[in-house]
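User: I have a model open and want to go through it quickly. Can you take my questions one by one?

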Protein chains: 2
Amino acid sequence: MTVTLADVAARARVSPATVSRVLNGNYPVAAETRERVLRAVDELDYVLNGPASALAAATSDLVGILVNDIADPFFGIMAGAAQTEIGRAAGDGGPNGNGRAGGEKLAVVCNTGGSPERELTYLTLLQRQRASAVVITGGALEDPAHITAMAAKLTRLMEAGTTVVLCGRPPLPAPGAGSPAGASGAGAGPLAARIPAAVTFDNRGGGRLLTDHLIALGHRRIGYLAGPAGRTTTRHRLEGHRAALAAAGITGDQDRVTVHGPYTRDAGQQGTRELLLRDPGLTAVVAANDTVALGAYAALRELGLRIPEDIAVAGFDDLPFARDMGPALTTVRLPLIEAGARAGRLARGRERVPQGGIAMLPATLLPRASTARPHD
Amino acid sequence: MTVTLADVAARARVSPATVSRVLNGNYPVAAETRERVLRAVDELDYVLNGPASALAAATSDLVGILVNDIADPFFGIMAGAAQTEIGRAAGDGGPNGNGRAGGEKLAVVCNTGGSPERELTYLTLLQRQRASAVVITGGALEDPAHITAMAAKLTRLMEAGTTVVLCGRPPLPAPGAGSPAGASGAGAGPLAARIPAAVTFDNRGGGRLLTDHLIALGHRRIGYLAGPAGRTTTRHRLEGHRAALAAAGITGDQDRVTVHGPYTRDAGQQGTRELLLRDPGLTAVVAANDTVALGAYAALRELGLRIPEDIAVAGFDDLPFARDMGPALTTVRLPLIEAGARAGRLARGRERVPQGGIAMLPATLLPRASTARPHD
DNA sequence: CTGTTAGCGCATTCAG
DNA sequence: CTGAATGCGCTAACAG
């Protein structure tokens, strides 16, 4: 019923092997023959059977992109950039036309919702599909059990020939002393990289920049709306913040003016209320990201506090809406598009792996209207 | 090198068929045997070969979700809801644990960037993978050639057994008179549905509601920042707007105070400048969506105009940031999560197809601070 | 309930 | 440059 390679071969009066060769384009075929085959393909409206081809070739053209939250533009922007880069057909520089689907990869994004189990599940599913590459975005959970499980899973993926790229996530911890000599005599040739390439953000530096800015304005009592506990991004941003405070000689019980919560607007709103309950004298609130800052705005509005006159607010990421908030949000810009694009290129092996397997992208401060000197 | 079903069978001392049966869970197997097999699977760390299984079964567990712009929360929210619903394992109600990956589907989102060619390309790629279902979100392009191509492609997908669900997109135009009797004698049994199920939004009604609101406040000179020309969503929202104007007896050259552009902040900014150039007497600007309204805010700020005192602004969609803009944005809420979830359930055949194959979800007006009576 | 037997559709050796 | 033969790993009839 469904048309197969053999049907095309019959119509083009060639062997199935020849059809396969023109379709994959990685083998010399006479121009005239190719022409005939392509015509037959069009006439029959033939579509390659992916599973069959993946089975025979032991690899598929699927590339998975894992994100924590697909509704969050932070991930959407990175994933979009990666997907564009990956979807780019072999030769061309732009999006190719016709719905014919030549040598492209199928770049797909998978939403883990920040759940470690789903992260693992998706990796297994991708492994099952024999994905040619996997890009994992966003911060990592710092739970030892999960780290071990992830490391094992990623190792297995890489052993199976899947390229693994980390994007906006720190590299995996070094796998200890490593296994000794290992396999028997015959050198099995250089195995795939044992460490995934990583493109990361300077979250620590960004956090530092932001709080330095606040301190320079004269703030000394600064609340901090941290991300979820146990995640690398949360920790790094917070560390940058604390480093700035320490450098300025601001001591005191910082944990008291730090609250953790998910990267959501609601968490920011509740956290801000909590912070002001704990210390009504705060002159500034730093949010772990722009979405959380959205919630801070809401809470302050509720309380009748003006930004920045009564209290300054800052975010992180510079999502598109940041500059249109009322007032425009001071934040830290991360090169999300560049990160996604580089990760995409790494996934396709189109970019050289950076020094030591890891590239750190800089964060830049964007002072806007939501921060000013404290009132008195 | 890589462990196969046969290895598991050997270790569990059963036949490969039995292993396949316990893994797929759709066939009676003795509890003890199952136990033994599962143990072997764990011990060998076996992962099913997706392509092989898809080839043999002539269907894969892949479900594709097409979106126009993955960086836009409008799509992210719908896609996330759909993905959650689809990823839900057969029996259970929540996200399943362990990275073992049982009977789940692999729900993946594909970013078309709004390009018709990429839309077709992704569909072909999914067809190639023998996807079990495809969810297509967002408005459709109204170009006849593209509509024809899409209809053909979707028909082919459905003929091949792929479930097609439209989400936030109007149903395809009826396929004309349809082909006559067709195939030969033997009734081939009831073919798959010839029309994809659709979950759509009442964009027209929402547009109407919004402009009615503005008119009720006393506005009569209203600019409109429309979406990209030739898209159903754009047209429907605009039609609702025009209908409200007409009902209020507001005539005049409405095209003059309507500008089209992509659904981006920049387009909103430029469009607003253009609108005020064309008619400085506008007392309100309606944006095709919230992101475009973001740009309108920016442009008005630039011009030193206050919202809503000097000019009212309204959006559409009620994205999370809308209520934290300065001032809070009046907009129309669409049940994005419900739409995505229903589309996901339809894709898995877990929800009855609605009346006539199409369900229309309502839009509700959310009046906020960005709209008020005109100044004089 | 379980084992045996055949392919699924394609990519590759090899010959020619 | 092209054709013929083989097997990728699994599922789906059938028997038993």
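User: Which elements supply the surface near DNA strand D?
Analyst: In this predicted model, α2 and α4 of chain A and α1 (5–12), α2 and α4 of chain B each supply at least two residues of that surface. Helices are DSSP runs of H or I with at least four residues, strands are E runs of at least two, and both are numbered from the N terminus.

User: How many residues surround DNA strand D, and which are closest?
Analyst: 26 residues surround DNA strand D. A:Ala30, B:Leu5, B:Ser20, B:Ser53 and B:Ala56 are the closest. A residue is near a strand if its C-beta atom, placed from the backbone, lies within 6 Å of it.

User: How does the surface near DNA strand D split by class?
Analyst: 17 nonpolar, nine polar and no charged residues. Ala, Val, Leu, Ile, Met, Phe, Trp, Tyr, Cys and Pro count as nonpolar; Asp, Glu, Lys and Arg as charged; the others, Gly among them, as polar.

User: What about DNA strand C, which residues come nearest?
Analyst: There are 27 residues around DNA strand C. A:Leu5, A:Ala17, A:Ser20, A:Ala56 and B:Pro28 come nearest. By class, that surface has 17 nonpolar, nine polar and one charged.

User: Which element gives the largest share near DNA strand C?
Analyst: α2(A), with six residues. α1 (5–12) and α4 (50–57) of chain A are among the other contributors of at least two residues.

User: Numbering and confidence rules?
Analyst: Residues count from 1 along each chain as its sequence is written, chains are lettered from A and ligands numbered from 1 in the order in which they are written. Local features need pLDDT of at least 70 and side-chain atom pairs count only at pLDDT 80 or more, while totals for chains, interfaces and linings use all residues.

User: Switching topic. What rotation superposes chain A on chain B?
Analyst: 180 degrees, with 0.0 Å of shift along the axis and an RMSD of 0.1 Å. The two copies are thus related as by a two-fold rotation axis.

User: How many residues are in contact between chain A and chain B?
Analyst: 54 residues of chain A are in contact with 55 of chain B. Contact means C-beta atoms, placed from the backbone, within 7 Å. α6(A) gives the most to the side of chain A that touches chain B, nine residues.

User: Why do the copies meet through the same surface?
Analyst: Because 100% of the interface residues of chain A are also interface residues in chain B.

User: Last one: how many helices and strands in chain A?
Analyst: Twelve helices and twelve strands.

Notes:
Least-squares fit on C-alpha atoms with pLDDT ≥ 70 in both. Contact = placed C-beta atoms within 7 Å.
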